[in-house]
Amino acid sequence: MAVLKTIDLNKTFKIKTLKIRAVEKLNIEIDREQIFALVGESGSGKSTVARLLIKLIKPDSGHILFKGQNIWQMKRDDSMLFRKSVSIVFQDPYASLNPRMKIQSIVEEPLKIHGKLSAEEAKSKIIEIIKEMGFDETILGRYPHQLSGGQRQRVAIARALMLNPEILIADEPLSALDISLQASLLQLLTKIKENRKMGILFITHDLNIVRTISNRVAVMHLGRIVEEGHTGEIFKEPLHPYTRILMNSIPGFHRRNRKKTPRISTEERISWNLKGCRFFNRCDYKMAICETNIPELKTVKGRKVRCFLY
Ligand code: SF4
Ligand code: MG
């Protein structure tokens, strides 16, 4: 049984008279010892998935199961266990740490809420994790503003690890950092995942990162997963027209047919094709059926693809 699983998850937001379908019929599984990447352009619904999975927002319909139990129907004890077992690191290391708290208090917070440790046990746990993140103890007496962006993000990860989660959700954790820091933080995350046999849901718009660290990848476009499978296989032969466009936009990748980096415009989000394939307006391969029918995810060449071409 997967640690975290969603079944036909739906979430719609209303903006004035508009209904934005942020997440539609989402079925994903996240397990220990794997890095599952959720990739898509900004506005594709990725962060909404993260917020649904940690119970920050409620789905309109569908289920989120933690070890088989619906997270919205749990008793108190199970709910506490869920909150300990699934933690999150957000995109912006500048906004996610309380500027008035010393690093010691920041990383200790989860222990105070959930832990039953003595002061001594708490202290040695904090030191252990701070060291795992590559710091020495002097960091504990500092404030967030005294740290660099990369250091802050490592503090945020330390805090997320404090209760030994089984799943870490990382929502664009590197995008506020410069490239040189990204590589070392990626290495660190991979090492942590291995040492702790933890699972990571890595949310990103950056396919180079996906290729570097994930075992599985799901490509999201306007609220729907359009392709999902083993990272290596999808990079070798992307099948969905949208996945191909994304891959063509990676520097140094499939360079021969490279096109401009795509981006979801507000108009596109508003005027998307409600009846049929959401990629219809941008697709070079569209057929009549694509305008009027929603393609389902089908198994093709060992992965799932949502497209009438297959
Ligand atoms: Fe293109 Fe049709 Fe496939 Fe959608 S279903 S991606 S419009 S070919
Ligand atoms: Mg986002």
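**Fold and helix packing**

User: How many helices and strands are in the chain?
Analyst: This is a predicted model. The chain holds 11 helices and 13 strands.

User: And what is its radius of gyration?
Analyst: It is 20 Å. The globule rule gives 19 Å for 310 residues, so the chain is as compact as a globular protein of that length.

User: What box do the C-alpha atoms fill?
Analyst: Roughly 70 × 45 × 40 Å, along the principal axes.

User: What share of the residues is buried?
Analyst: Buried residues are 36% of the 310. As for contacts with a separation of 6 or more, 64% of them join residues 24 or more positions apart.

User: Switching to confidence. What does the chain average?
Analyst: The average pLDDT is 90. A score of at least 70 is reached by 92% of the residues.

User: Where is the pLDDT below 50?
Analyst: Over residues 253-261. That stretch still has 10 contacts in the model beyond near neighbours in sequence. Where pLDDT is low, the predicted coordinates should not be read in detail.

User: What ipTM and pTM does the predictor give the complex?
Analyst: An ipTM of 0.97 and a pTM of 0.91.

User: Now helices. At what angle do α3 and α5 pack?
Analyst: About 30 degrees, with the axes 7 Å apart. α3 covers residues 103-114 and α5 covers residues 149-161.

User: Parallel or antiparallel?
Analyst: Roughly parallel, because the angle is under the 35 degrees that sets the limit for α3 and α5 to count as such. The crossing is right-handed.

User: Which residues make that contact?
Analyst: From α3, I103, I106, V107, E109 and P110. From α5, V155, A158 and R159.

User: Which residues of α3 are buried?
Analyst: I103, I106, V107 and E108. The buried residues of α3 pack against α5 and also against α4, residues 119-132.

Notes. Residues are numbered from 1 along each chain as its sequence is written. Chains are lettered from A and ligands numbered from 1 in the order in which they are written. This is a predicted model: local features need pLDDT of at least 70, side-chain atom pairs count only at pLDDT 80 or more; totals for chains, interfaces and linings use all residues. pLDDT is the predictor's confidence in each residue, from 0 to 100. Two residues are in contact if their C-beta atoms, placed from the backbone, lie within 7 Å. Helices (H or I, at least four residues) and strands (E, at least two) are DSSP runs, numbered from the N terminus. The radius of gyration is taken over C-alpha atoms; the globule rule is 2.2 Å times the number of residues to the power 0.38. A residue is buried if 20 or more other C-beta atoms lie within 10 Å of its own, exposed if 12 or fewer, and partly exposed in between; C-beta atoms are placed from the backbone. Axes are lines fitted to C-alpha atoms, for helices over the stretch in contact, and angles run from 0 to 180 degrees between N-to-C directions. Angles under 35 degrees count as roughly parallel, over 145 as roughly antiparallel, 65 to 115 as roughly perpendicular and the rest as oblique. A crossing is left-handed if the near helix is turned anticlockwise from the far one by less than a right angle, and right-handed if clockwise.
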